[in-house]
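Take a look at the model below.

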Amino acid sequence: MKSLKAFLACGTLLAFANVAQAAQCEVTHWWTSGGEAAAVAEFAKAFESKTNHKWLDGAIAGGGGTARPVFISRITGGDPMCATQFNHGRQAEELVEAGLMRDFTELAAKENWAEIVRPRSLLDGCTVDGKVYCVPINIHSWQWLWLSHKAFEDAGVPVPKTWDEFVAAAPALEKAGKIPLAMGGQPWQTSGAFNVLIPAIAGKDIYLKVYQDKDAEVAAGPEMAKVFQAADAARKMAAKSNVQDWNQATNLVITGQAGGQIMGDWAQGEFQVAGQVAGKDYSCLPGLGVNELISVGGDAFYFPVSKDPEVTAAQDALASVMLAPDTQVNFNLKKGSVPVRGDVDLNAANDCMKKGLEILAKGNTVPDPPRLNTEDTNTQLNDLFVEFFKTPSMTPEEAQKRYAEIIASAD
Ligand code: BGC
């Protein structure tokens, strides 16, 4: 009896200890579309099944441009979350420099992130002064054109294989009552599409000269003038695309109301949720079918400094769970992105993801602009391209002049 009492007391203590160690971990992100919600649910499921902590979902609607200022003001204002999404690169740079983000160097060394994360540049993007401040969780590429088979079938023209064929098919699509190019109104969508046109029309070197070297002469030069002409064609093709969110634009493609969309490979999550099959219902052209490359960008999680040891424990646990092989596969298959680990089984990947993986293996990649530009520069580019797409009277020459000025002052 005595020993049973002792056993029960010990059990109570243990239960209490477990409760005391468990934290509610609020995770903020901007994943609110159908595909995104399905993917983030995989993180929550893995976290709660592998640890004793609770996932508190902090989704913010409206995309990264709306969510990031909220994250930043909460962190700088002393109301930090347990973990938060940012894109790979420079978006959290100032928060890290201000000492507001946790240093994960020890865990990274213990779990050998330097060996398992590929490409290596993604971990470099998390590293400031030799210390690791974030966990890269996926590789997303912007460099895709998504095409609706139904739209082209209805218009009686074959599904294009290149950007030029797509532009040539626009009149037939219009005649069939379709919007040739689906484009949403969120500020990052038009600049994102423009950044996809650069390597396709002008090549990888020009892209790097402009965004990596910040070469304003190249930005103002003849190669980039061709890109502005292509952007002019794109805005005409998108003139009747009256939607706001990127996934509403993807939905125009899914339902065959639009011919195509230039969008990152997170669009795959939407096709998947709609039950569509790559190669049968839709096609995907990396590098717009012209120059097969992918950009290496995506998402990383940062963990604001906390005085609460329970939160710190939950942060450590979440960082590990996010990089675990099974979480990487389950999350990324739903998200449309590629795992950051090269050592996981991707047999279940669809045709488009397999194309992306092949290109990645060949190393034909460019870094995404958020890795090269500051948030301030990207915001200026967003504003310029929203104006260009919405203002038919603004000439490509005028837009290029303003573009070159932004590049000249970018750091
Ligand atoms: C993120 C993706 C996300 C997309 C649209 C990008 O910035 O990297 O994970 O799906 O925005 O919300």
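Helices (H or I, at least four residues) and strands (E, at least two) are DSSP runs, numbered from the N terminus. The model is predicted, so local features need pLDDT of at least 70 and side-chain atom pairs count only at pLDDT 80 or more, while totals for chains, interfaces and linings use all residues. Residues are numbered from 1 along each chain as its sequence is written, and side-chain values use heavy atoms, with hydrogens and water left out.

**Two backbone spots**

Most residues other than glycine have a negative phi, and most peptide bonds are trans. Pro-119 lies in the loop between α6 (113–116) and α7 (120–126). A cis peptide bond links Arg-118 to Pro-119, with omega about -10°. Lys-214 has a positive phi, near 55°, and is not a glycine. Its loop runs between α11 (204–211) and α12 (216–219).

**The ligand**

Which residues surround the ligand? They are Trp-30, Trp-31, Glu-36, Asn-87, His-140, Trp-246, Trp-266, Gly-298, Asp-299 and Lys-335.

Polar contacts come next. Each is a pair of N or O atoms within 3.5 Å; within protein, one must be able to donate a hydrogen and the other to accept it, and residues adjacent in sequence count only if both atoms are side-chain atoms.

| Side chain | Distance to a ligand oxygen atom |
|---|---|
| Glu-36 | 2.5 Å |
| Asp-299 | 2.6 Å |
| Asn-87 | 3.0 Å |

Taken alone, the ligand exposes 310 Å², and the protein buries 94% of that. Such areas come from the Shrake-Rupley method with a 1.4 Å probe; for residues, only the protein chains shown count as cover.

**Pocket and cavity**

On a 1 Å grid over the protein atoms alone, a cavity is a set of points where a 1.4 Å probe fits but cannot get out, and a pocket is an open set with protein on both sides within 12 Å along at least five of seven lines; lining residues have an atom within 4 Å of a point. Grid points are joined across faces, edges and corners, and a volume is the space filled by probe spheres set on the points.

Where does the ligand sit? The ligand sits in the largest pocket, meaning that more than half of its atoms lie within 2 Å of the pocket's grid points. This pocket holds about 700 Å³ of space. It has 37 lining residues; closest to its centre are Arg-68, Asn-87, Trp-142, Trp-188 and Pro-370. Helix α20 gives the largest share of this lining, six residues.

The whole structure has one cavity of 30 Å³ or more. The largest cavity holds about 60 Å³.

Notes. A residue is near a molecule or strand if one of its heavy atoms lies within 4 Å of it.
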